[in-house]
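Please open the model in a viewer and follow the selections below in order. Each stop names what to select and then describes what is found there.

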Amino acid sequence: MKLRSICLHGPESTGKSTLAPRIAAHLGGEVVDEYGREYAEARGIDFTMQDLLEIAKTHDAGMRTMIAAGFRPLVLDTDPLMTAVWADMLFGERDPWFDEWQGTADLYLLFDIDMAWRPDGTRMFGTQELRQKFFDLSKAELERRGVRWALVSGQDEERFAKAIAAIEAVQAELAQIDESSTA
């Protein structure tokens, strides 16, 4: 089995959008861009729960369309699990749709908060305390869902190298599973 989808997960300003196209190019895959950023740039950041649902559902539909069209692997610059964490951060709760959603990626790369936070007009949680809370909620969501994930830290090239190493480690693990199941 090969990875069909790899989701970049974690708080804002951790390099996900910067690395998504590099990772996809390295793997010969495609990127599903973060719809939430497009939405925020067009409509502002005064989100409601309905806004978050629209963001998550639109992102999910785009991802499913690309998977159905045969694009592999997909590098997702976030997904509805991350939007659920946004709901937790903004409202302290989430719509039940988020917990019912079942389209999780094959691998999640959790991006650490070891990079400097940079405001860009759509980012909201720049203090160290809020970044840590966002990171902790992001990690807890992955653990709660029981998905395969790896932590990615470091700066610039080191961060990219660690992301690729995590992906390659999982691909090697999956190849061993495939070999043992056909032997």
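A salt bridge here is a side-chain nitrogen of Lys or Arg within 4 Å of a carboxyl oxygen of Asp or Glu. In this predicted model, select D88, R94, D99, E141, R144 and R145: these residues are linked in a network of salt bridges. The structure holds 14 salt bridges.

Next, select R22 and E157, which form a salt bridge with their closest N and O atoms 3.0 Å apart. R22 belongs to helix α1 (residues 16–27) and E157 to helix α7 (residues 156–182), so the pair ties together parts that are 135 residues apart in sequence. R22 is partly exposed, at 33% relative accessibility, and E157 is partly exposed at 48%.

Move to D114 and R159, whose side chains meet in a salt bridge (2.7 Å, N to O). D114 lies in the loop between β4 (107–111) and α6, and R159 in helix α7, 45 residues apart. D114 is partly exposed, with a relative accessible area of 31%, whereas R159 is buried at 2%.

Finally, select Y35, Y39, F47, W86 and F134, which form one aromatic cluster. Within helix α2 (residues 35–43), Y35 and Y39 lie four residues apart, about one turn of the helix; both are buried. The ring centres of W86 and F134 are 5.2 Å apart and the planes stand at 90°, so this pair is edge-to-face. W86 is in helix α4 (residues 80–91) and F134 in helix α6 (residues 128–145), so the pair ties together parts 48 residues apart in sequence. Both W86 and F134 are buried.

Notes. Residues numbered from 1 in each chain as written. Predicted model: local features only at pLDDT ≥ 70, side-chain atom pairs only at ≥ 80, totals over all residues. Heavy atoms only, no water. Helix = DSSP H or I, 4+ residues; strand = E, 2+ residues; numbered from the N terminus. Buried < 20%, exposed > 50% of the residue type's maximum accessible area, 1.4 Å probe, protein only. Phe/Tyr/Trp six-rings, centres within 6.5 Å; stacked < 30°, edge-to-face > 60°.
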